[in-house]
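Visitor: I've got a model to go through with you. Can we keep it quick?
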Amino acid sequence: MHLFQRLGVTLPIVQAPMAGVSTPDLAAAVSNVGGLGSIGIGAIDAAGARAMIEATRARTDRAFNVNVFVHQAAQADAAREARWLEAMRPLFVRYGAEPPDALRTIYTSFADDDDMLATLVDTAPAVVSFHFGLPGADRIAALKDAGCLLLATATSLSEARLIVAAGIDAIVAQGWEAGGHRGVFDPAAPDDRLGTMALTRLLATRTGVPIIAAGGIMDGAGIRAALALGASAVQLGTAFIACPESGADDAYRVALAGPAAHHTVMTRAISGRPARCLANRFTEWAEGAQDVPDYPIAYDAEKALHAAARSVGESGFGAQWAGQGAPLHRSLPAGVLLKLLWQEVSLAGGSAI
């Protein structure tokens, strides 16, 4: 039986689990048309995750994906964090604010979150996906025992082999083109920056498990190319940001429709981990930034600055994640967009999943 067939997913298209953007409305709209909708719970606690899962289930009776962050524990460094805040001080002052006195570790890794594990086992979503790494074998076993199909992100063959060894059902092959956070297991290690198509073909021929291609895919031509290279499915994120069901605010949507979409930037400065976003005032300031605090400690500073700037009408300091295909986005309802994408694929025989 193919990858999602037993779940009733009829189109080989996954809507990416973009934390803060992938709402229950968006996920349900995609799932209701036959794709695999997703929600991201890496930035909320277990109670928030349960509420989000329940809200999605209230909108669809079909399968959807729940994504968690499995990042390495942050190494707090008070001196480094103080230097970072001091470097940012002129930006805060420009908008009538002071930087925080100290920075916090604002997200808990799923690797260390027993409450989140208990919530996922209890709610048993059809699909659970891991980003930034893999949890322990006991957590993987618990989710499998609950009946969850498991996905994990890889940016290289070495990461993919770890995923296969852990018994994960399928791999999301995240190319350098992708928007949002790189799924690298170790952000301090060298990154070969493989593009989506090269990575997809490499993993499709070397791993023996289903591959979901992700990064820069925005239309039927891209989907068709990924499937031809051996992907079982594709994952699209940036393509869904402009949908009315997404959680993107007005400033994000305006930026996505403007010149910044042609100039996405990979930066560590926003969160402490490499991530691709629309070029804006913060990425301009942060160009060449060194000694960035660990993820997600650095994110605490960026969020405080964004709030200060936004309070006086400046939206150029937000984390506006987007991939290199951003100029190809379309502002359509999610269900309409999904149907259009599959029409564009024009594959004889339909689903490849």
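Guide: First, a definition: buried means under 20% relative accessible area, exposed means over 50%, and partly exposed is in between, with a 1.4 Å probe and protein chains only as cover. By that rule E344 is partly exposed, with a relative accessible area of 26%.

Visitor: What kind of model is this, and which cut-offs apply?
Guide: This is a predicted model: local features need pLDDT of at least 70, side-chain atom pairs count only at pLDDT 80 or more, and totals for chains, interfaces and linings use all residues. Residues are numbered from 1 along each chain as its sequence is written, and side-chain values use heavy atoms, leaving out hydrogens and water.

Visitor: How many helices and strands in the chain?
Guide: The chain has 13 helices and eleven strands. These are DSSP runs, numbered from the N terminus: helices are H or I with at least four residues, strands are E with at least two.

Visitor: What is the radius of gyration?
Guide: The chain has 19 Å. A compact globule of 353 residues would have a value near 20 Å, so the chain agrees with that. The radius is taken over C-alpha atoms, and the globule rule is 2.2 Å times the number of residues to the power 0.38.

Visitor: And the box?
Guide: Along the principal axes, the C-alpha atoms fill roughly 60 × 45 × 40 Å.

Visitor: What share of the residues is buried?
Guide: Of the 353 residues, 55% count as buried.

Visitor: How much accessible surface does the chain have?
Guide: About 13900 Å², with 51% of that belonging to carbon and sulfur atoms. The areas come from the Shrake-Rupley method with a 1.4 Å probe, and for residues only the protein chains shown count as cover.

Visitor: What about contacts across the sequence?
Guide: Take contacts between residues at least 6 apart in sequence: 67% of them join residues at least 24 apart. Contact means heavy atoms within 4.5 Å.

Visitor: Switching to charges. How many positive and negative?
Guide: There are 27 positive and 34 negative charges, and their mean positions are 6 Å apart. Lys and Arg count as positive, Asp and Glu as negative; His and the chain ends are not counted. Each charge is placed at NZ of Lys, CZ of Arg, CG of Asp or CD of Glu.

Visitor: How many salt bridges in the whole structure?
Guide: The search finds twelve. A salt bridge here is a side-chain nitrogen of Lys or Arg within 4 Å of a carboxyl oxygen of Asp or Glu.

Visitor: Which residue does R89 bridge to?
Guide: R89 meets E86 at 3.1 Å, N to O. They sit three residues apart in helix α3 (residues 78-94), which means about one helical turn separates them. Both R89, at 28%, and E86, at 45%, are partly exposed. E86, R89 and E98 are also linked in a network of salt bridges.

Visitor: D300: buried or exposed?
Guide: D300 counts as buried, at 7% relative accessibility. It lies in helix α12. Beyond its neighbours within four places in sequence, D300 contacts A102, L103, R104 and I106.

Visitor: Which residues have a positive phi without being glycine?
Guide: A124 has phi near 45°, and D291 has phi of about 60°. A124 is in the loop between α4 and β4 (127-131), and D291 is in the loop between α11 and α12. A124 is partly exposed at 27%, and D291 is partly exposed at 39%.
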